[in-house]
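Hello,

Here is the structure I said I would pass on. Please open it first, then read the notes below it.

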Amino acid sequence: MRKYYRKRSTFCAGIPMSTPQDFLSHDIDENLQILREIYADCSDVVFRPFLIGGNQKAILIYIEGLSNIEEIDRSVLAPLMQKTTSSLIDIHTILQQRVTASKAKEVLTFSDCVEQVSIGNPVLLIERENQGLALGMSKWEKRAIDEPAAESVVRGPRDAFTETLQINTSLLRRRIKSPQLKMKSIKVGRYTQTEIIIAYMQGIADPTLRQEVLNRLQRVDIDGVLESGNIEELIEDNSISPFPQVINTERVDVAVASLLEGRVVILTDGTPFALVVPVTMFSLLQSAEDYYYRFLIGTAIRWLRYLFFFISLLLPSLYVALITFHHEMVPTTLLISMARSREEIPFPAVVEALIMEVTFEALREAGIRLPQQVGAAVSIVGALVIGEAAVTAGIVSAPMVIVVAITGIASFTIPRYSAGIAIRMLRFPMIFLAGTLGIFGVMLGITGIVVHLCSLRSFGVPYLSPMAPSKARDMKDVLIRAPFWAFNTRPHLTGEDNKYRQKSDQKPGPWRGDEQ
């Protein structure tokens, strides 16, 4: 028997088996012995032996804390242990007449038994039967639906995804009640066997995109998936690029809007962050709140966001370039004031900028890692105290503190945290180029970034679309936020199979009697 168990040890590593020894036996004692060896040193796995009708041996296997004990007692043990007949019954009779569980399925192999027990479904084995019964009675602690922590809005829905996959799928179904919403399940991770849902709208999403997502996920072969970030890094097109090629969101409305545009949403069990593919540069600068206010306000806020996006990337490097190489470009009065503030500073402007940027990033990271009650206070007080002390001590100049502070504020206006991190990373090489080559170095850095963005793809979709390559019909949601009555078509590269999302006569106006 020990040799028999070694053959099935590969299953315990998460690799499905297909050998004949993996099938359940008619001998319940042999099945029980093998399962006990598989679950050796697993104190939370319960083996509950009992007699069906007082004369037929049976065993119930479940994990304490993952299964509903009250439901097991009421719907399984109580009806089966009653003395109703002296004859032996089979698994089909139990399924159809005795057990009152709403969800049940037959299992034929030890692999199936382990899989069902691991997700909280008790498995029932009975004497003289070479198959078992997995009962849908899983129950574990779940976090309640709460507001999204990383994507808060003033106006809009307040429900967010949770760590429970079934709740997340129900949130999508609650918004999209059409059977055209399809959800395909696969498992990833040798040990964790993490369930992943690929959600898409049939008839809207491009079949090639759906198949590409499925192929990339099926290619993943790792020990375990702890968070959707593990999947994100393994399925993106260019893992070296600092720019995110997959959107992660915990907002249900963002996921639903993406589905209706023809994108694919990837839900991972154990994390509240859903992945949306494909992604473009401009979608990273769009907020869900843009679509809940009037289009003029949404357009103005979007332009403000674009402005601060460039400020967060270029302001420190431009300041360093002007102070170091291009004094003639600064107004005389301002130049004299800046020179006066820098006359006792021992470092060149580029070193000064790097010191302040590193310090600001350290304070921001400290504010995130500290407990919530003191994190914000430490960040604010630390920035004020360190900034004032550095200026007083003559380590940095006051204009540099102002530039770094404005840059930090500008970076907070980027809606996607992953995009903000990319800009923060690129800010340092831009400062270095400005300190060595001046404005020429800044332009060289911008050119390199634009060339990289033009060559970048997200699941085959150009990263700068619909601007490059240009698609006029999709520009109404890039530089401006067009009114909803103008959103007649879906994005060209994701929803082309069903490109019309509404009728063309949706512009509001006085009602006419001939309208139907």
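Where does Pro-469 lie? Pro-469 is found in the segment after β12. Keep in mind that this is a predicted model.

That segment has two cis peptide bonds to look at. One runs from Ala-468 to Pro-469, with omega near 0 degrees. Another joins Ser-465 and Pro-466, with omega of about 10 degrees. Pro-466 also has its place in the segment after β12, a strand that covers 461-462.

Now the overall picture. The protein contains 17 helices and 12 strands. Its C-alpha trace spans about 105 × 70 × 40 Å along the principal axes. The radius of gyration is 30 Å, whereas a compact globule of 516 residues would have a value near 24 Å. Of the 516 residues, 46% are buried. The accessible surface is about 26200 Å², and carbon and sulfur atoms hold 60% of that. There are 53 positive and 54 negative charges, and their mean positions are 5 Å apart. Among contacts with a separation of 6 or more, 66% are between residues 24 or more positions apart.

The largest nonpolar core has 61 residues, and Leu-172 and Phe-243 have the most contacts inside it. Helix α11 (residues 295-324) gives the most to this core, namely eight residues. After α6 comes Gly-120, with a positive phi near 100 degrees.

Asp-41 has a phi of about 60 degrees and sits in the loop between α3 (28-38) and β1 (45-52). Is Asp-41 buried or exposed? Its relative accessibility is 84%, so Asp-41 counts as exposed, the cut-off being over 50%. Gln-193 has a phi of about 50 degrees and lies in the loop between β6 (181-188) and β7 (194-201). Gln-193 counts as partly exposed because its relative accessibility is 34%.

Last, Leu-444, which belongs to helix α17 (residues 439-455). Leu-444 has a relative accessible area of 44%, so it is partly exposed. Its C-alpha atom is separated by 8.1 Å from that of Leu-433, which is 11 residues apart from Leu-444 along the chain.

Regards

Conventions
Residues numbered from 1 in each chain as written. Predicted model: local features only at pLDDT ≥ 70, side-chain atom pairs only at ≥ 80, totals over all residues. Heavy atoms only, no water. Core = buried A, V, L, I, M, F, W, Y, C linked by side-chain atoms within 4.5 Å. Buried < 20%, exposed > 50% of the residue type's maximum accessible area, 1.4 Å probe, protein only. Helix = DSSP H or I, 4+ residues; strand = E, 2+ residues; numbered from the N terminus. Rg over C-alpha atoms; globule rule 2.2 N^0.38 Å. Contact = heavy atoms within 4.5 Å. Areas by Shrake-Rupley, 256 points an atom, 1.4 Å probe, with all protein chains shown as cover. Lys, Arg positive; Asp, Glu negative; His and termini not counted. Charge placed at Lys NZ, Arg CZ, Asp CG, Glu CD.
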